[in-house]
Amino acid sequence: AGVPSEAIRKLHRQMLEKAQDALAFQTTEERDFGASFISIDPEALPLLQAKIRKFRREVIAEFGHDQANPAAKVYCLGTQLFRAEK
């Protein structure tokens, strides 16, 4: 599931910029950042990507239904998986 269009790539860049702003201006109670570096066989990459997509769907299914709540706030859950070395 690659990023097929420039419009989607632009949206991803905008979300990364918003993440930088959140890191600078939101409290740790309002945000959660973390990173893990793992060594993985490239043949296992599709399975890992599928697990990440499943995780996002599960989060949306469990938590993404509070739109009627006037106290609810919109959060961006971003996941990035990329090769960390050249």
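User: Is lysine 54 buried, exposed or partly exposed?
Analyst: This is a predicted model. In it, lysine 54 is partly exposed, with a relative accessible area of 45%.

User: Which residue does lysine 54 form a salt bridge with?
Analyst: Glutamate 58. The closest N and O atoms are 3.4 Å apart. Glutamate 58 is partly exposed too, at 42%.

User: How are lysine 54 and glutamate 58 placed in helix 2?
Analyst: They are separated by about one helical turn, because they sit four residues apart in that helix.

User: How many salt bridges are there?
Analyst: Three. Glutamate 6 takes part in a bridge with arginine 9, at 3.1 Å from N to O. Glutamate 6 also bridges to arginine 13, where the closest N and O atoms are 2.4 Å apart. So Glu6, Arg9 and Arg13 are linked in a network.

User: New topic. What secondary structure does the protein have?
Analyst: Two helices and zero strands. The radius of gyration is 15 Å, well over the 12 Å that the globule rule gives for 86 residues, so the protein is more spread out than a compact globule.

User: Which residues form the nonpolar patch on the surface?
Analyst: Ile38, Ile40, Leu45 and Leu81. Together they have about 320 Å² of accessible area. Leucine 81 lies in the segment after helix 2, and leucine 81 is partly exposed at 39% relative accessibility.

Conventions
Residues are numbered from 1 along each chain as its sequence is written. This is a predicted model: local features need pLDDT of at least 70, side-chain atom pairs count only at pLDDT 80 or more; totals for chains, interfaces and linings use all residues. Side-chain values use heavy atoms; hydrogens and water are left out. Patches are made of residues with over 30% relative accessible area and no salt bridge: like charges are joined within 9 Å, nonpolar side chains (Val, Leu, Ile, Met, Phe, Trp, Tyr) within 5 Å. Accessible areas come from the Shrake-Rupley method with a 1.4 Å probe; for residues, only the protein chains shown count as cover. A salt bridge is a side-chain nitrogen of Lys or Arg within 4 Å of a carboxyl oxygen of Asp or Glu. Buried means under 20% relative accessible area, exposed over 50%, partly exposed in between (1.4 Å probe, protein chains only). The radius of gyration is taken over C-alpha atoms; the globule rule is 2.2 Å times the number of residues to the power 0.38.
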